[in-house]
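Dear colleague,

Please find the structure below, followed by an account of what was found in it. I would be grateful if you could read the two side by side.

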Amino acid sequence: IADDIAYDAHDIDDGLRAEMFPIEELASLPLLDEIFREIDGQHPGLEPARRAHEIIRRLITRMIEDVIAQSRRHIIEFEPESVDEVRRAGRPIVGFSAAMARADRAIKDFLYPKLYRHARIMRIMGEAEEVVRRLFAHYVKTPGELPLDWLAGLDPADATGRAVRIADFIAGMTDRYAMVEHTRIFGATPELR
């Protein structure tokens, strides 16, 4: 639930900052339509950046308040006295109300094509995947370039084990480290912007 709240709010904020969609498109979504009316009624002509901030702030507040209220209702209904009783409840005790779950789903359905699958994002993802593919191929071809602690105990005859170790090594890289390694090995790296 915390992730849903954080991702919805921050992904909307990121999408607005990156100009992936105009703020007005959000006004058609459940819950957000109400928040827009409230803000525009209280603060007509609010500066766009402040308006966006206020929308995000109120969205987070409404979602948290909903989780608290719905969870209280479930706790009163189930009156659990132990963790086992919570597990046997048959449904989550902590969660959104049905209306908020619909609003959450509408936000995600909006963000999917507008942000997560936007052409710019897909291009960047493709370039990032190519960086990972090239790093993997390089380390498969020259495993001796792996850090010594990653080579320790590695059987040179075990191609599958080596591939898994290389994949684990790359998976543990931060984005920045992967880009630095790619530049070191190949002399250049896509900018990913």
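Helix α3 gives the most to the lining of the second largest pocket, with four residues. Helices and strands here are DSSP runs (H or I, at least four residues, for helices; E, at least two, for strands), numbered from the N terminus. This is a predicted model, in which local features need pLDDT of at least 70 and side-chain atom pairs count only at pLDDT 80 or more, while totals for chains, interfaces and linings use all residues. Residues are numbered from 1 along each chain as its sequence is written, and side-chain values use heavy atoms, with hydrogens and water left out.

The second largest pocket has a volume of about 210 Å³. A pocket is an open set of points on a 1 Å grid over the protein atoms alone, where a 1.4 Å probe fits, with protein on both sides within 12 Å along at least five of seven lines; its lining residues have an atom within 4 Å of a point. Grid points are joined across faces, edges and corners, and the volume is the space filled by probe spheres set on the points. Both α1 (2–17) and α3 (48–78) supply at least two residues of this lining. The residues concerned are D13, L16, R17, F21, P22, I23, A49, A52, H53 and I56. By class, seven are nonpolar, one is polar and two are charged (Ala, Val, Leu, Ile, Met, Phe, Trp, Tyr, Cys and Pro count as nonpolar, Asp, Glu, Lys and Arg as charged, and the others, Gly among them, as polar).

The largest pocket has a volume of about 250 Å³. It is lined by 13 residues, of which A128, D175, A178, M179 and L192 are the closest to its centre. The elements that give two or more residues to this lining are α6 and α9, and α6 gives the most, with six. The lining of the largest pocket has 11 nonpolar residues, one polar and one charged.

Helix α9 may be described next. Buried means under 20% relative accessible area, exposed over 50% and partly exposed in between (1.4 Å probe, protein chains only). After α9 comes G187, whose phi is positive, near 85°.

Two residues other than glycine also deserve a note on phi. L31 has a positive phi of about 75° although it is not a glycine; this residue is found in the loop between α1 and α2 (32–42) and counts as buried, at 12% relative accessibility. E79, likewise not a glycine, has a positive phi near 45°. E79 is found in the loop between α3 and α4 (83–87), and at 58% relative accessibility E79 counts as exposed.

Finally, R105 is found in helix α5 (residues 98–116) and is partly exposed, with a relative accessible area of 44%. R105 and F186 are 81 residues apart in sequence and 42 Å apart in space, C-alpha to C-alpha.

With kind regards
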